Amino acid sequence: MTNPVRRTTHPVAWWGWALFLATAAGRTGNPWLLLLIIAVAGLVVTWCRGSEPWSGAYRVFLFIGLSAIAVRMAFYVVFGGSDGPTVLFSLPSATLPAWAAGFRLGGDVTAEGALAAAYDGLRLATLLICVGAANALASPRRLLRSVPAALYEVSVAVVVALSVAPQLVESVGRVRRARALRGNTSRSPANLMRTVVSPILHDALDRSLALAAAMASRGYGRATGIPAPARRATEASLLIGLIGLCAGAYALLGAATPAPLAWATVAVSAGIAVFGIAFASKRVPHTRYRPDRFGARDWAVVASGAAAVVGTVLSGASFASAVESAALWPATNPLTVPDLPMWAAGGILLAAAPALLVPSSRGGTP
Amino acid sequence: MTRTTETPATRPRPAVRWKAVLSLALAAGFGLVAMSWPLLASPGGALTETTSGPWLFALLLPLVTAVVLLQLTDGGLDARAVAMLGVLSAVVAAVRPFGAGAAGVETVFFLLILAGRVFGPGFGFILGCTGLFASALLTGGVGPWLPYQMFAAAFVALGAGLLPGTPETRAGRTTELAILAVYAAFASLLYGLLLNLSFWPFAITHGNLAYVPGGGFSENLSRLLAYSLATSLGWDIGRAITTVVLVLLTGPLLLRVMRRTARKANWA
């Protein structure tokens with residue numbers, strides 16, 4: 001370990017890893033692969049998470065994922081979906097009139113349709129659980145330090161918000177105690193408004209003005225000497241990027257523009273906008289205390305996530321066997337046990353590497 | 001400054017430059033497409049040929065938001081605005097959990113609407129973004145839905161800042177509250193529909209309620225309305241009612257408190 005100060009992984013690396021896993025989940029409907037992704041995410045979370053307040057997010061998202069499956073099944077039972085020959089049970093059915101799009105409600109519930117709905121729900125649940133893993137692993141405060149320097153003012157506002165929120169809770173307690181000491185125990189909303197909400201808000205907003213004065217007296221918000229040509233170049237690239245993105249989105253919607261041209265427009269204008277932000281960030285003369293560097297281990301974490309996507313791509317590629325490609329999107333009619341695509345499974349197992357690479361930060365690392 | 005004769009519409013607010021206005025207009029157009037592309041994509045268009053549509057917009061929306069925020073804050077958001085943004089975002093983050101869990105109780109919008117009304121559209125837009133972002137960071141709710149929520153909430157606050165001014169009389173204040181309440185109901189319902197639209201292609205992929213790629217406007221609109229009716233109409237109506245009630249209940253007090261602060265901050 002060369003750097004004893006910073007032992008934990010960069011939060012952007014965790015988000016990259018989780019988004020790659022989510023992309024892999026989006027590219028397949030195979031239940032074995034999806035369950036494998038959930039297991040890998042759970043393993044990495046239990047090994048690598050800290051003991052901060054947000055570390056419990058994985059469990060919360062696990063429940064959200066389960067409810068996504070339940071909702072998807074309920075949708076299938078009530079509104080129907082794909083059909084098959086194996087009828088499990090029949091519900092009384094009703095067909096809505098034509099003005100309500102003529103949907104059929106209820107009717108036969110088939111094993112094939114239920115299985116397809118379950119696969120579909122499992123896919124959405126896996127996406128949600130990957131996001132939950134990122135929430136559990138990445139420290140939001142450190143993530144905030146990775147906001148582009150050009151958005152410095154906005155990120156300062158968010159930092160202020162994060163530190164003021166606990167003070168607000170404390171302020172509520174103080175105001176209520178003072179109110180009780182004055183003998184005011186009225187529970188009427190109008191009275192509460194006047195004697196609790198109003199003082200808290202006045203307090204908070206007055207404090208913001210005091211904070212602003214403190215920031216201004218320490219030199220915050222001074223005019224920075226950015227040369228006019230650089231400023232104009234930034235503004236021009238931002239506006240051109242935005243106009244290009246709008247044009248590209250419009251071109252993608254219609255059939256008049258050929259698809260490659262539309263995609264190229266979007267890609268080029270996104271590039272111009274990113275360039276504008278990066279250029280503006282370079283020009284902002286702010287120093288950073290203890291900059292968060294993106295080290296080799298962070299790259300390894302991101303690469304292990306990318307392995308999962310590469311695995312699913314290889315399974316769908318032309319040189320893979322037909323069985324393997326078909327197993328990415330298993331058919332539910334007729335009912336069969338889906339095969340496990342080997343390339344994809346291998347890639348997803350590689351994504352568990354952070355569990356070995358990253359030492360657990362449980363027990364006292366900052 | 002002739003402070004005695006000014007009307008509420010010219011109350012001190014952080015200034016917004018024309019380039020930022022142009023960016024906001026462009027971003028509004030892009031955001032509308034990013035949310036409602038399932039309805040707008042015509043058969044044979046590039047978007048209907050692939051399955052990457054939702055991902056594309058979920059990735060591009062943060063970029064567009066960043067560009068607009070950069071244009072809005074460029075040239076320096078002054079310390080007063082930054083501190084005020086921080087504190088109001090903290091209030092948003094603090095009241096947001098009160099709405100979680102209960103069906104359709106939405107406790108953020110009234111604050112965004114009232115703050116947008118007092119501090120103006122530009123400030124409202126930034127507050128919508130920072131408030132929801134801070135609350136997501138505090139509760140561990142960062143996910144693919146966050147850009148859409150931030151963007152839609154930002155425009156809710158921005159719209160409140162664009163409402164016409166009213167005279168500073170008793171009748172004027174009543175009219176102002178009435179306008180804000182109507183806007184609150186309208187904005188909450190539209191917000192629900194747009195967020196539904198953004199999540200619809202992810203949430204359900206086959207069956208009667210699913211999005212049909214290349215199905216055209218009318219086909220997908222009827223499916224969307226049925227989906228909204230089945231899933232979230234109760235939530236949307238609950239959100240509209242709670243927002244209107246909260247605007248009417250807290251409006252007089254909050255508008256007074258925030259205007260006092262805006263006056264003290266002394267924005268030119």
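Two residues are taken to be in contact if their C-beta atoms, placed from the backbone, lie within 7 Å, and the legends below describe a predicted model.

**View 1. Residues that join helix 2 and helix 12 of chain A.** In this contact, L33(A), L36(A), I37(A) and V40(A) of helix 2 of chain A meet A344(A), A345(A) and I348(A) of helix 12 of chain A. Sorted by class, the residues of the contact between these two helices comprise seven nonpolar, no polar and no charged.

**View 2. Relative orientation of helix 2 and helix 12 of chain A.** Helix 2, spanning residues 31–48 of chain A, packs with helix 12, residues 342–350 of chain A, at an angle of about 10 degrees, and their axes are 9 Å apart. Because angles under 35 degrees count as roughly parallel, helix 2 and helix 12 of chain A are described as roughly parallel to each other.

**View 3. The fold of chain A.** Chain A contains 13 helices and two strands, and 38% of its 366 residues count as buried. Among the contacts in chain A between residues at least 6 apart in sequence, 78% join residues that are at least 24 apart.

**View 4. The contact of chain B with chain A.** This contact takes 71 residues from chain B and 70 residues from chain A. Several helices of chain B each supply at least two residues of the side that touches chain A, among them helix 1 (18–40), helix 5 (121–139), helix 7 (170–203) and helix 9 (233–265). Helix 3 of chain B provides the largest share of that side, 13 residues. By class, the side of chain B that touches chain A is made up of 45 nonpolar, 20 polar and six charged residues.

Terms used. Residues numbered from 1 in each chain as written. Chains lettered and ligands numbered in written order. Predicted model: local features only at pLDDT ≥ 70, side-chain atom pairs only at ≥ 80, totals over all residues. Axes fitted to C-alpha atoms, helices over the stretch in contact; angles between N-to-C directions. Helix = DSSP H or I, 4+ residues; strand = E, 2+ residues; numbered from the N terminus. Parallel < 35°, antiparallel > 145°, perpendicular 65-115°, else oblique. Nonpolar A, V, L, I, M, F, W, Y, C, P; charged D, E, K, R; others polar. Buried ≥ 20, exposed ≤ 12 C-beta atoms within 10 Å, placed from the backbone.
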